[in-house]
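Take a walk through this protein with the coordinates open.

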Amino acid sequence: MLQHKNIVLGVSGGIAAYKACALTSKLTQAGANVQVIMTKNATEFVSPLTFQALSRNPVYTDTFDEKDFKKIAHIDVADWADIFVIAPATANILAKMANGIADDMLTTALLATLADIYIAPAMNVNMYSHPAVKHNMQLLADRGCHFIEPGAGYLACGWIGKGRLEEPESIVDAISRHQQKKQIWSGKKVLISAGPTREKIDPVRFFTNRSSGKMGFSLAKEAAQMGAEVTLVAGPVSQETKDKKIRRIDVETAEEMNQAMQREFPIQDIVIKAAAVADYRPKIVYNQKMKKKPGELRIEMERTTDILQQLGEKKENQFLVGFAAETADPLAYGKEKLKKKHLDAIVVNNIAVDGAGFEKDTNIVTYINKNMEETEIPLATKAEVANQILSLIDRDMKDELN
Ligand code: CTP
């Protein structure tokens, strides 16, 4: 995966800088072209000459040391890179990156690059768990940087815990695997619906449900990471979409979701309906706030469109996946919906089980395909569950082609 890739290795000033030498060597052995940028502090640990010999390229340490007057070095190297790896990444470089500080060659090039950025932190265990460091890492992850977590064990500072730079082989493996994953659905179009819908009663009241949209948003994020062009039709949720590859369409009612899904459907390759759509809406929507009156209130409800059913009936080559949230007999109901709605697969969610369902960060689901093969996905974060669901979809799509 790394053959002929242009990789910039950024080395910041921590004792693990010595491991970056082995990393340079592993990256060049994997066929990559490697250029190294060192921070001034990194040069206190390892000589630039070591990296120059291992990468067979000049090493950058100073923004103003312009080796070629025809080029502006930090922009040139930023544009050249397909991949940027920061290893080891100290707490200081994480803070600078998170805040957009550009006060040396490495941080300046990092601001200018459009390359994929991988960060392998290494520091003392207490520094690693400091809220400021955690916050900076979260900011960078939200912006699309990929973290290669440090291992746990004996640290150079004498502490035992998490903070040891991941081994060079594992860093190379992680980057290769991620680069491979990025291509799996490249060129594919994926449409996902997420969140609840709101069905108005009057200007201040509505019917809704407990869906947070987390599962659908995780699916959208994972699909984008697999290289797909993602359209996300989202009901009213507080989730943010940070990935530039996700086109988000916000809707409120079941009917608005229906319109958006029908409009986007024809050009898609994969459609996943993770939204919890209202089955009923008030028959009359009042323009003015309803005033209370003595006695009971009855609100007459009418059916909304079953969006998934309609998509199932008109689908051509799209791989169509539904969700089923059930509190009893989930597999039987799931299979029934799979057949009735002409789906290629259904993800069944037993929302009565601890760790599964609405508002939570975790889920437990069973994926059932058209051949009624069941695959259980045990308790995991919604991101991990999303990852597994998309792998199963990929498997079934490939099986259909064979
Ligand atoms: N769905 C939909 N449009 C609706 C209702 C549901 O597209 N008006 C989709 C959901 O997005 C989900 C699937 O249908 O992918 C199953 O939703 P669920 O609420 O579990 O089932 P229903 O079909 O509504 O059936 P029931 O209410 O009988 O459980």
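Buried means under 20% relative accessible area. Cys-145 has a relative accessible area of 11%, so Cys-145 is buried. Cys-21 also falls in the buried class, because its relative accessibility is 13%. The model is a predicted one. It holds 0 disulfides.

Now step back to the whole chain. The protein has 402 residues, and 49% of them count as buried. Its secondary structure comes to 13 helices and 19 strands. Along the principal axes, the C-alpha trace spans about 80 × 55 × 45 Å. The accessible surface of the protein is about 20200 Å². Carbon and sulfur atoms supply 50% of that surface. Contacts also reach along the sequence. Take the contacts in the protein with a separation of 6 or more: 65% of them join residues 24 or more positions apart.

Next, go to helix 5, residues 105–112. Why is this helix described as largely enclosed by the rest of the structure? Because 6 of its 8 residues are buried. The buried residues are Met-105, Leu-106, Thr-107, Thr-108, Ala-109 and Leu-110. What do they pack against? On the strand side, the partners are strand 1 (6–11), strand 2 (33–38), strand 3 (83–89) and strand 4 (116–121). Helix 3 (73–80) and helix 4 are partners too.

Helix 4 deserves a stop of its own. It covers residues 91–99 and contains Lys-96. Is Lys-96 buried or exposed? Lys-96 is buried, because its relative accessible area is 13%, and the cut-off for buried is under 20%. Leaving out residues up to four places away in sequence, Lys-96 touches Ile-101, Asp-103, Asp-104 and Thr-107. One of these, Thr-107, is among the buried residues of helix 5.

Finally, turn to the outside. Which residues form a nonpolar patch on the surface? They are Phe-207, Tyr-280, Leu-297, Ile-299 and Met-301. Together they have about 450 Å² of accessible area. Look at Leu-297 within this patch. Leu-297 lies in a loop, between strand 14 (280–282) and strand 15 (301–303). Exposed means over 50% relative accessible area. Leu-297 has 59%, so this leucine is exposed.

How values were computed. Residues are numbered from 1 along each chain as its sequence is written. This is a predicted model: local features need pLDDT of at least 70, side-chain atom pairs count only at pLDDT 80 or more; totals for chains, interfaces and linings use all residues. Side-chain values use heavy atoms; hydrogens and water are left out. Patches are made of residues with over 30% relative accessible area and no salt bridge: like charges are joined within 9 Å, nonpolar side chains (Val, Leu, Ile, Met, Phe, Trp, Tyr) within 5 Å. Accessible areas come from the Shrake-Rupley method with a 1.4 Å probe; for residues, only the protein chains shown count as cover. A salt bridge is a side-chain nitrogen of Lys or Arg within 4 Å of a carboxyl oxygen of Asp or Glu. Helices (H or I, at least four residues) and strands (E, at least two) are DSSP runs, numbered from the N terminus. Buried means under 20% relative accessible area, exposed over 50%, partly exposed in between (1.4 Å probe, protein chains only). Contact means heavy atoms within 4.5 Å. A disulfide is a pair of cysteine sulfur atoms within 2.5 Å.
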